[in-house]
Amino acid sequence: MNSQTWFVQTADEERRLKITRELSSEFAKHARRHDEEASFPHENIALLRDSGYVRWTVKKEYGGEEISLSEMLLHQEQIARGDGSTALAIGWHMGMMLNLRLTEAYPQAVFAEISESVVKDGALINSCATEPATGSPSRGGRPETTATPVEGGFRVTGRKTFSTLSPALDWIQITAGIEGSEEVGEFLVRGRDVEIVETWNTVGMRATGSHDIVLNDVFVPEEFLVGTRGKGVKSDRRDDGGGWMLHIPACYLGIALAARDFAVEYAATYQPNSLPHPIAKVPHVAEKLGQMELKLITARTYMYDLARRFDSSSPCAWPSMRPYFGAAKTFVTNAAIEVVDLAMRVVGARSLWKDLPLERMYRDVRAGLHNPPMDDVTYQVLAVEAVKEIEATMR
Ligand SMILES: Cc1cc2nc3c(=O)[nH]c(=O)nc-3n(C[C@H](O)[C@H](O)[C@H](O)COP(=O)(O)OP(=O)(O)OC[C@H]3O[C@@H](n4cnc5c(N)ncnc54)[C@H](O)[C@@H]3O)c2cc1C
């Protein structure tokens with residue numbers, strides 16, 4: 001089994017994967033420097049734009065390639081093999097364009113404007129919803145960012161944290177409490193209208209540019225209020241069950257695969273003078289290599305199987321897949337953390353060295369625990385599903 005090709009299904013996927021493989025090896029050359037400096041990889045983003053990658057999930061009608069969820073995961077995983085930070089950052093854009101295409105969540109004219117700007121100018125989009133007081137937006141807290149209705153639209157003021165890709169964003173979907181109501185609105189703002197405050201100085205994923213963005217009395221026209229939620233307000237958006245967010249586990253799998261590649265090569269070539277052969281043949285090392293393979297094969301098989309089920313399902317089935325997308329995120333991310341840990345045990349103390357990539361991967365992969373959905377949410381949702389299923393059989 002070749003880990004590069006096992007999940008590839010079509011000639012078009014293989015053709016495009018050749019492009020992301022090349023990009024990935026280029027990104028790997030700069031990953032260490034950006035990690036050390038916590039600098040944003042602008043040159044990687046430029047290459048992703050120039051290669052056309054940023055438009056691959058865009059609808060064909062607007063000049064995109066309309067790739068499937070499972071294909072997007074192949075590329076995201078591949079990019080993360082070179083640099084986890086670049087993969088996570090561009091993954092939000094790729095995933096959002098896929099999600100907006102499939103759910104038709106935005107008004108048609110707004111969606112057309114965004115899609116055309118991606119294709120023509122390489123514009124990038126992300127959703128920035130986290131705030132210091134609410135913590136993870138998935139917990140449902142009301143944002144402190146406020147939208148005040150004014151003639152023709154809203155004036156929005158507030159601050160978002162963890163705003164990945166912020167140095168390169170042209171479009172930002174933010175959440176804000178609508179003044180005078182219990183509703184929370186989703187607003188589209190332009191990157192040029194916000195201030196970026198460079199706060200991102202973390203242990204891992206240091207090159208994602210996940211800084212704070214500050215909105216200071218930003219005018220948002222009413223057509224850019226793209227969604228609302230709140231008491232008594234039922235969203236009429238199509239729900240994809242969160243399938244697009246599989247770009248998150250794909251990213252952490254890519255990091256784990258890179259750690260595995262490094263450890264296997266190290267084990268196959270490192271021969272201390274106490275041994276007549278490389279360490280790969282030492283039983284406890286071989287066992288760890290085998291454990292890594294098993295974790296990777298099972299995690300990848302589950303993620304790609306789920307993505308393909310999504311690709312071939314009718315939209316009405318997507319919401320019911322939400323618990324399994326959460327399961328994939330939790331299972332895959334934890335497996336990726338274990339794989340990087342095993343890779344370091346194989347290599348031994350040299351894995352701690354700054355001039356080898358493993359210590360960066362160890363720090364990067366850890367960030368996956370804090371991307372949604374969080375593990376406790378996944379377990380709760382799965383428990384509810386299991387009980388529902390048994391209750392249904394008892395009726
Ligand atoms: C690398 C990276 C990139 C990110 N990029 C983005 C991005 O682009 N856009 C964006 O919006 N966000 C982004 N995030 C933020 C992410 O989605 C979370 O909002 C953020 O990590 C905070 O989550 P938390 O669970 O640690 O925080 P909190 O919600 O503050 O939780 C802190 C602790 O309290 C517990 N807790 C808090 N509330 C509850 C509750 N109601 N019930 C049970 N337990 C609770 C949690 O389990 C946790 O243990 C990113 C995060 C990371 C690490």
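These legends go with a set of close-up views of one predicted model.

The model is predicted, so local features need pLDDT of at least 70 and side-chain atom pairs count only at pLDDT 80 or more, while totals for chains, interfaces and linings use all residues. Residues are numbered from 1 along each chain as its sequence is written, and side-chain values use heavy atoms, with hydrogens and water left out.

**View 1. Here's the largest nonpolar core, with its 108 residues.** A nonpolar core is a set of buried Ala, Val, Leu, Ile, Met, Phe, Trp, Tyr and Cys residues joined through side-chain atoms within 4.5 Å. Y106 and I174 touch the most other members. Helix α6 (residues 247–269) gives this core its largest share, 13 residues. Helices here are DSSP runs (H or I, at least four residues), numbered from the N terminus. In soluble globular proteins, nonpolar side chains tend to be buried together.

**View 2. Now zoom in on I174 and its contacts.** Contact means heavy atoms within 4.5 Å. Skip residues up to four places away in sequence, and I174 still touches C128, T145, V156, K160, G185, E186, F187, V189, I213 and L215.

**View 3. Look for the salt bridge between D376 and R139.** Their closest N and O atoms are 3.0 Å apart. The term needs a side-chain nitrogen of Lys or Arg within 4 Å of a carboxyl oxygen of Asp or Glu. The count between domain 2 and domain 3 is one salt bridge.

View 4. H75 counts as buried because its relative accessibility is 0%; buried means under 20% relative accessible area, exposed over 50%, partly exposed in between (1.4 Å probe, protein chains only). Leaving aside neighbours within four places in sequence, H75 is in contact with E13, R16, L17, T20, Y53, W56 and I67.

Note on methods:
Helix = DSSP H or I, 4+ residues; strand = E, 2+ residues; numbered from the N terminus.
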